[in-house]
Amino acid sequence: MRARELNETNRRGATVAIDGLKVRDVDALAAALAPLPLLQKYGTTATSLAGALVRAVEGGDMVLSARLAGEPVGVAWVVGDGAFARAAYLRLMAVVPAVHGQGVGAELLREVEVRLADSSSHLLLLASDFNTAAHAFYRRLGYEQVGIIPGFVLPTVDEWIFAKRLVG
Ligand SMILES: CC(C)(COP(=O)(O)OP(=O)(O)OC[C@H]1O[C@@H](n2cnc3c(N)ncnc32)[C@H](O)[C@@H]1OP(=O)(O)O)[C@@H](O)C(=O)NCCC(=O)NCCS
């Protein structure tokens, strides 16, 4: 993984810095993300999210964080062969509510794709059936819905499978 930080300017002119998530930033990031209604619906708390992110970082998964004005504001967590033991799986993509719509999520996902380009043909992810904002976000970035898994995580929610070919 590159040590260099990727710096981009977001729509409000602030600098978005994207790099591997540091364990020292996990607690602040998890606390900022835990209020997201999506995470609450799936029973994710700041504590459980922080634990999962630390295990992911220490286990060598690709976990990227975005910072705005020095504060961690978003995360993208990728399991390298998590999609059918064949392609990369985007396990978590989340941006703190206060900065939604400023391009942070798009920058995170673009950097994920750049870093995966040599190692994975596709990136797959699941999005809840009700999460129309996420559907729009992924479609805008070139992802296509390729399937549905009924009641996969929560019994009353279908998970939509989205995929994007990363190479040729
Ligand atoms: C989904 C999420 C990661 C998007 O991050 P973001 O930083 O708000 O998105 P961006 O500002 O980078 O948007 C990128 C593109 O997606 C589009 N988009 C983002 N949110 C959208 C929405 N609610 N409705 C329609 N389009 C949307 C944007 O318009 C933008 O396209 P544009 O450049 O043409 O304007 C963020 O809203 C989030 O954390 N949501 C809650 C958690 C979640 O749903 N995670 C995904 C689970 S599968």
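Of the 20 residues around the ligand, those that come nearest are His100, Gly105, Ala106, Ala133 and Ala136; a residue counts as near when its C-beta atom, placed from the backbone, lies within 6 Å of the molecule. This is a predicted model: local features need pLDDT of at least 70, side-chain atom pairs count only at pLDDT 80 or more, and totals for chains, interfaces and linings use all residues. Residues are numbered from 1 along each chain as its sequence is written.

**Ligand shell**
- Two or more residues of the shell come from each of β5, α4 (104–116), β6 (122–128) and α5 (132–140); helices (H or I, at least four residues) and strands (E, at least two) are DSSP runs, numbered from the N terminus.
- α5 gives the largest share, five residues.
- By class, the shell has 13 nonpolar, six polar and one charged residues, where Ala, Val, Leu, Ile, Met, Phe, Trp, Tyr, Cys and Pro count as nonpolar, Asp, Glu, Lys and Arg as charged, and the others, Gly among them, as polar.

**Overall fold**
- The chain holds five helices and eight strands, in the order β-β-α-α-α-β-β-β-α-β-α-β-β from the N terminus.
- The radius of gyration, taken over C-alpha atoms, is 15 Å, which agrees with the value near 15 Å for a compact globule of 168 residues (the rule is 2.2 Å times the number of residues to the power 0.38).
- The C-alpha trace spans about 40 × 40 × 35 Å along its principal axes.

- Ala76 touches Leu64, Leu90, Met93, Leu108, Leu109 and Val112, leaving aside residues up to four places away in sequence; contact means C-beta atoms, placed from the backbone, within 7 Å.

- Val26, Leu29, Ala30, Ala32 and Leu33 are the buried residues listed for α1.
- Seen down the axis of α1, its buried residues fall within an arc of 165°, so they line one face of the helix.
- Their cover includes α2, α3 (46–58), β3 (62–68), β4 (71–83) and β5 (87–95).
- Ala34 lies in the loop between α1 (26–33) and α2 (37–41) and is partly exposed because it has 18 C-beta neighbours inside 10 Å.

Key
Buried ≥ 20, exposed ≤ 12 C-beta atoms within 10 Å, placed from the backbone. Contact = placed C-beta atoms within 7 Å. Arc of directions from axis to C-beta.
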